[in-house]
Amino acid sequence: MAAVLRFFDAIGRRTARGFDEWGFGAALLIESVIWIFIGRFYRQPVRFTHTFAEMMRFGIGALPIAALLAATIGLMLAIQSLYSLGLFGAQSFAYIGIALSVTREFSPLIMGILIAGRSGSAISARLATMTINQEVDALQVMGINPVRFLVAPMLIALVIMLPCLAMLANLVSIGAAGLYVSVSLDQTFGSYVYQTLKILKTDDVLHGIIKSSFFGLLIGLIGVMNGAGVSGGAEGVGRVTTRSVVQAITAIVVSDMVIGYLSTH
Amino acid sequence: MAVAAQETEIIPKPTLAELQARPVVIEVDHLDWSFGARQVLFDVSMKVHEGEIMVIMGGSGSGKTTLLRHLVGLMPPMTDKVKLLGQDLGSLKALDKLDLKRKIGVAFQFGALFSSMNVAENVKLPLRELAHLDEKTMDIMARLKLEVVNMSGFGHLMPAELSGGMVKRASIARAIVMDPKLIFLDEPSSGLDPVVSSALDDLILRLREAMGISVVVVTHDVESAFKIGDRITVLDRGRIIASEPPEQIRVNPNERVQNLINRRSEHVEVDPEEYLRRLAGD
């Protein structure tokens, strides 16, 4: 009986903690939006220089690895598409699957996972270290709102830069896949690009772009929530960093599935 | 040479009567505080006057850091419990609280300097974010404050390149850069050797003399407390057991006050059975 009670007690505590964390996340989001729009009127604007620095760190700094991953994904899709469609003799239609899956799914998803691992962990570790070193307390006692100073620039940067990376991934993936397909099917690269542009609609690209913006928001909020909730010194920093990456990737994959379902039904 | 001259110089202190004739700048009124079921502050009341150096002393776990966090507004606000510069922290609106915070400075125990900024940028941060001055004026003000704490010429260094004493001094420079009316120093001498610690005490006295600010120092360094304090408030297990000028604290009859200032350990009765029961979680 005691074991059963303990089991339900543990579930109850975890559920309450989950609600608590997501409530905190929602409050962070609302507060950030408020500071972005009204900060200037109270002479506490969200600094463009901070936002730009974060954009460089999260976006431009990730360009080489993002391009490499996108090219690899494009090639993998091309290889698999040609193989599976070859079973029906429909290899010439490979461009359809590649174009739609890259723009609607793979680019936002892979870039989301990349940035969750690269920047989500960095956000979490940075905030956790700042919390432990009392730097966040120092901001508060100086009268500098930490959400305005630290969180809002990160969220803006992620919401802007993740779609940019997804756009880059679209170009690189489709380009890499196009090279492979055109060589394999002995057609010109130009005709592959022409077919791809014909099949793609603005909605398909927008779907991926909006989704990646949402993933950026998720990564930022999860990183900040974990970083701000750190306890237990250096060990705690490691714990929240890992937790932040796992939670962000899970949130991205699950929400991707939900958005995918809702947008096609 | 300059340091030696500073060490021998005696910085005059105002008398208690002089201080008490001045306006109250900090007022704590019957403050209780608990972390869950564990109460850490019991009915704490105190007043600090303009230009006074108040030292809050106590052993580990006595509640002095919690009290300091209440004083600087880092704890959830409670109405009519803590007043700074005549304003009740518990009933202030968020933006008024931000305005009030511009009038106070805090130097944390480990400095809390931003590791991504150099010393000068750290000192300039409140000016940049709150005062909206041009870059040249901010440079001049930061240089002046660094000079006050004997840190001129070190502005380009990153916090990781500083010694413990320099971190504390840079942190004090950042705390005074907005010309506050009140500064709070958390364990300014912890982790420092006696010479650096003594120089820091002189700096605190000099700051009060030059800027006329009120200073609240939280420390467990007895020597430093007696040197700088106009009054010493002794916290013991969350209760104020004495709040007097240093000379009266020396002769205070309370055994726990004497244990603290004479660094005597206390005899603690341990019941082995009770200890084992608690270990087993009963």
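How many helices and how many strands does chain A have? In this predicted model, chain A has nine helices and zero strands, and its pattern, read along the sequence, is accordingly written α-α-α-α-α-α-α-α-α. Its C-alpha atoms fill a box of roughly 65 × 60 × 35 Å along the principal axes, and of its 265 residues 43% are buried. Among the contacts in chain A with a separation of 6 or more, 85% are between residues 24 or more positions apart.

We turn next to the contact between the chains. Chain A contributes 13 residues to the contact and chain B contributes 16 residues. On the side of chain A that touches chain B, the largest share, six residues, comes from helix H5 (residues 135–142) of chain A, and the residues of that side divide into six nonpolar, four polar and three charged.

Chain B holds an open sheet of six strands, in the order S6-S7-S8-S3-S9-S10, with mixed pairing. Strand S6 (104–107) and strand S10 (239–244) of chain B stand at its edges, and because each has a single partner strand, one side of each is left without a neighbour in the sheet. From one strand to the next, the twist averages 15°.

Helix H8 (residues 194–211) of chain B, in turn, lies across strand S3 (53–58), S7 and strand S8 (214–219) of chain B, and runs at about 160° to S8(B).

Conventions:
Residues numbered from 1 in each chain as written. Chains lettered and ligands numbered in written order. Predicted model: local features only at pLDDT ≥ 70, side-chain atom pairs only at ≥ 80, totals over all residues. Helix = DSSP H or I, 4+ residues; strand = E, 2+ residues; numbered from the N terminus. Buried ≥ 20, exposed ≤ 12 C-beta atoms within 10 Å, placed from the backbone. Contact = placed C-beta atoms within 7 Å. Nonpolar A, V, L, I, M, F, W, Y, C, P; charged D, E, K, R; others polar. Pairing = 2+ DSSP bridges. Axes fitted to C-alpha atoms, helices over the stretch in contact; angles between N-to-C directions.
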